[in-house]
Amino acid sequence: MVIKLFYKDKVYSPNQKIGEYTVLKIIGEGRYGICYLVGDVKRQYILKQLKRGMLKKSWAKVGYEEKILMGVKHDCIPGFIKKIEHEKFYGYVLEYKEGITFEELIFAEGRVFGREEIYRIGMQIINILKYLHERNIVHRDIRVPNTLYDGDKVSLIDFGLARWINQKRYTVDVDFSYLGDFLLHLYYTSFEPKDNKKKAWYEELDLRHDEVLFLKRLMGIEKRYKSIHDVERDFIKATL
Ligand SMILES: Nc1ncnc2c1ncn2[C@@H]1O[C@H](COP(=O)(O)OP(=O)(O)OP(=O)(O)O)[C@@H](O)[C@H]1O
């Protein structure tokens, strides 16, 4: 893994300490920071170190994950543990959630999801969205790399693009189209093409009429949903 050093940003290696936490592994580097798996005497956590250059350039953008996670408490969203800030370091510690991303499950492990499991997963994401939208928060990045699954429970991570809802710019429909796209990823895991003809998803997937309509409305092909409560109602109807 190549870690690009921003001037004066220190990248920590396994076994080094950041505050009271010991680095166990560098998970990855995004545009705004470095993500570590860390541990203390009791358990593991995720520590996100923000690049100081980015902090200076665009504090308005990078601060959202921290601010939004601080104000929520949900079993399927990483809890905000604490901020760590000193002269040469700015970061925060999040609760570690079990599981691996749907991206790894689908593309690396070739996991196939059946209907019933897709319904259970979909319902959990709708419940998380209900919690967020009721608190005026839109996630804006519900995708396979940002959702963890332990075989039973789904957790939603990466709140880097999350914002407080405002009718002009940050509206709920972006979460609905991402949810539609996410569900299609799951449906496609069991898809076996019969020929080489290019078809739209609603022509080639084996879906019921209600499911097609539900997905089309999520994705804005048919009349868009206005609220997560309507999404929940139709999802239950489509999956009964
Ligand atoms: N709370 C968590 N519990 C367990 N694993 C996590 C958690 N948060 C993040 N991860 C792991 O770290 C990876 C990177 O996390 P995340 O996407 O939040 O960071 P990021 O810096 O925004 O990365 P990117 O720029 O790639 O989106 C995730 O794919 C996941 O494997």
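**Strand pairing and overall fold**

Mentor: In β6, the bridge partner of K48 is Y92. This is a predicted model, in which local features need pLDDT of at least 70, side-chain atom pairs count only at pLDDT 80 or more, and totals for chains, interfaces and linings use all residues. Residues are numbered from 1 along each chain as its sequence is written.

Trainee: How many bridges join β4 to β6, and which way do they run?

Mentor: Strands β4 (residues 44-50) and β6 (residues 89-95) run antiparallel and are joined by 5 bridges. Strands are DSSP runs of E with at least two residues, helices are runs of H or I with at least four, and both are numbered from the N terminus. Two strands pair if DSSP finds at least two bridges between them.

Trainee: What is the strand order in the open sheet?

Mentor: The order of the 6 strands is β1-β2-β3-β4-β6-β5, with antiparallel pairing. β1 and β5 (80-86) stand at the edges with a single partner strand each, so one side of each has no neighbour in the sheet.

Trainee: Changing topic, where is K10?

Mentor: K10 lies in the segment before β1 (17-18). Its C-alpha atom is separated by 9.9 Å from that of R52, 42 residues apart along the chain.

Trainee: What share of the protein chain is buried?

Mentor: Buried residues make up 27% of the 240 residues.

Methods:
A residue is buried if 20 or more other C-beta atoms lie within 10 Å of its own, exposed if 12 or fewer, and partly exposed in between; C-beta atoms are placed from the backbone.
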